[in-house]
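Subject: Structure handover

Hello,

Here is the structure we talked about passing on. Please open it alongside this note.

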There are 2 protein chains.
Amino acid sequence: MPKGGLARVSHEAGKPWSREEFKERLINVGRSSYHDKHPFHVAMHEGTLSREQIRGWVANRYYYQISVPIKDAVILSKLPTREFRREWIQRIIDHDGNDEQEGGIEAWLRLGEVVGLSREEVLSEEHVVPAVRFSVDAYVNFAKEKPWLEAVASSLTELFSPILISERIKILERLYPWIDHSGLGYFRNRLTQAPRDTKFALHVVLDHCETLKEQQLAVEALQFKCDVLWAQLDAIEKAFPN
Amino acid sequence: MPKGGLARVSHEAGKPWSREEFKERLINVGRSSYHDKHPFHVAMHEGTLSREQIRGWVANRYYYQISVPIKDAVILSKLPTREFRREWIQRIIDHDGNDEQEGGIEAWLRLGEVVGLSREEVLSEEHVVPAVRFSVDAYVNFAKEKPWLEAVASSLTELFSPILISERIKILERLYPWIDHSGLGYFRNRLTQAPRDTKFALHVVLDHCETLKEQQLAVEALQFKCDVLWAQLDAIEKAFPN
């Protein structure tokens, strides 16, 4: 093999990151791009959102909630082994519910009720703005069109969600006293579900991205997912101004 | 609207079948085309298959078993409501297993062991003949490419499977005494799973095929699935002759 500059650079460039460096690069995506830094979330956590804005956020975010199990079923259909499916299927049950648990979508509808949205109003999707729909659909389509490993990597925003959500519960309880706390069950459930889901997904991504190219695609998938979440808040902020 | 011959015929032709007639037409597909009538199954039930043939059947049918949960995850991703998904997801759990139950794929591997196939031999898919792979893949692709209602209709071969399987258990126990009965758990489980699955799927198909065209497509989907099962036996019979 040639030892010339170009070949050497190419070789260097092609060497996979260490597991630690790969993980760090994934986490850096969250540090720079996770939607906890979006002005709408910042305002939510400062307690300055109006009831109308909270309602707009809940009604729009519902479209994301109902799309997540669809996205997860798409991934389920593409996972390479039964063992992976046995882990992943729990995400769908968490959202859709079963005989034992009501599920996240139902919990979100209850959140809707305590912020002043009727069940019918949320179910009808009448408040869902086009750009929210487009960004959520882009996420589902990403799962359909990309290899399973990138689709799994795109789920890794859950690495960052427990901190945001645990703060959010406290914030909503303290700064939005008009919201009945009984409706915050969705967020409480996610505090245990997200770390469990992420532990598996991170493990899979770190283990199965063997080449630098695969690692880079995983980082890009996570960046894409951050963009999906960010674009939703942009659209909600625009539709429900202060 | 014109009352002329042609328009009238067209109108008559376009009137949906009654629920009873639609159901009868679906059942007729099974009567004419279900694989219980295939010579290989007839020979199995007459007790004339060799050990080699039984092994060939089990090793090839394994490819179908591992593809079914993939097909069902595809359908899951296309179902229109959470309520439908909550029913359908049980099929995937039945095949893949969970913390409480080993699942159908594992049970099929045990069937392999009692007919003299090592776990590795079955897992490697080394005995799977191309035409079996093609027909099974056609089934998965059907679910991917067709509307959800046709994909659900294609699953209705389970209307006919409990009778075949309950006979098969007795036949295998009586006419193939060299097969350890402990390995027949897969079939025993299907005796309760298939009727439950079919009850829901039939209900959905009868309720949701509103036009004659949709009813006809459902009948065709079921015919297609019968063809998939039949083609598998053709290929197995060819590869493992008497």
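This is a predicted model: local features need pLDDT of at least 70, side-chain atom pairs count only at pLDDT 80 or more; totals for chains, interfaces and linings use all residues.

**How the chains are arranged**

Chain A superposes on chain B by a rotation of 180 degrees, with 0.0 Å of shift along the axis and an RMSD of 0.0 Å. The two copies are thus related as by a two-fold rotation axis. Which C-alpha of chain A is nearest the axis? That of Ala73(A), 2.8 Å from it. Both copies use the same surface, since 100% of the contact residues of chain A recur in chain B.

**The contact between chain A and chain B**

Each side is described by a residue count: 24 residues from chain A and 24 residues from chain B. Together the chains bury about 1,700 Å². Of that area, 54% is on carbon and sulfur atoms. Three arginines stand out on chain A: Arg82(A), Arg85(A) and Arg86(A) supply 35% of the area it buries against chain B, more than any other three residues.

Four salt bridges run between chain A and chain B. Arg85(B) forms a salt bridge with Asp96(A), with the closest N and O atoms 2.6 Å apart.

H5(A) gives the most, with eight residues. By type, the side of chain A that touches chain B divides into eleven nonpolar, five polar and eight charged residues.

Asp72(B) sits in helix H4 (residues 51-78) of chain B. Is Asp72(B) buried or exposed? Its relative accessible area is 1%, so Asp72(B) is buried. A polar contact of 3.0 Å joins its side chain to that of Trp88(B). Beyond residues up to four places away in sequence, Asp72(B) touches Trp88(B), Arg91(B) and Ile92(B).

Tyr64(A) is in helix H4 of chain A. Tyr64(A) is also buried, at 8% relative accessible area. Leaving aside neighbours within four places in sequence, Tyr64(A) is in contact with Val136(A), Tyr139(A), Lys225(A), Leu229(A) and Gln232(A). From Tyr64(A) to Cys209(A) is 145 residues in sequence and 27 Å in space, C-alpha to C-alpha.

**Salt bridges**

The whole structure holds 34 salt bridges over all chains.

- Arg19(A) pairs with Asp207(A), the closest N and O atoms being 2.7 Å apart. Arg19(A) lies in helix H2 (residues 19-33) and Asp207(A) in helix H11 (residues 185-208) of chain A, so the pair ties together parts that are 188 residues apart in sequence. Arg19(A) is partly exposed at 41% relative accessible area, and Asp207(A) is partly exposed at 32%.
- Arg110(A) forms a salt bridge with Glu102(A), at 2.5 Å between the closest N and O atoms. Arg110(A) is partly exposed at 29%, and Glu102(A) is partly exposed at 31%.
- Arg133(B) meets Glu125(B) in a salt bridge of 3.1 Å, N to O. Arg133(B) counts as partly exposed at 25% relative accessibility.

There is also a network: salt bridges that share partners join Arg91(A), Asp94(A), Glu158(A), Arg190(A), Arg196(A) and Asp197(A).

Best wishes

Terms used:
Residues are numbered from 1 along each chain as its sequence is written. Chains are lettered from A and ligands numbered from 1 in the order in which they are written. Side-chain values use heavy atoms; hydrogens and water are left out. Copies are superposed by least squares on the C-alpha atoms of residues with pLDDT of at least 70 in both. Contact means heavy atoms within 4.5 Å. Buried area is the accessible area (1.4 Å probe) that two parts lose on being put together, summed over both. A salt bridge is a side-chain nitrogen of Lys or Arg within 4 Å of a carboxyl oxygen of Asp or Glu. Helices (H or I, at least four residues) and strands (E, at least two) are DSSP runs, numbered from the N terminus. Ala, Val, Leu, Ile, Met, Phe, Trp, Tyr, Cys and Pro count as nonpolar, Asp, Glu, Lys and Arg as charged, and the others, Gly among them, as polar. Buried means under 20% relative accessible area, exposed over 50%, partly exposed in between (1.4 Å probe, protein chains only). A polar contact is a pair of N or O atoms within 3.5 Å; within protein, one must be able to donate a hydrogen and the other to accept it, and residues adjacent in sequence count only if both atoms are side-chain atoms.
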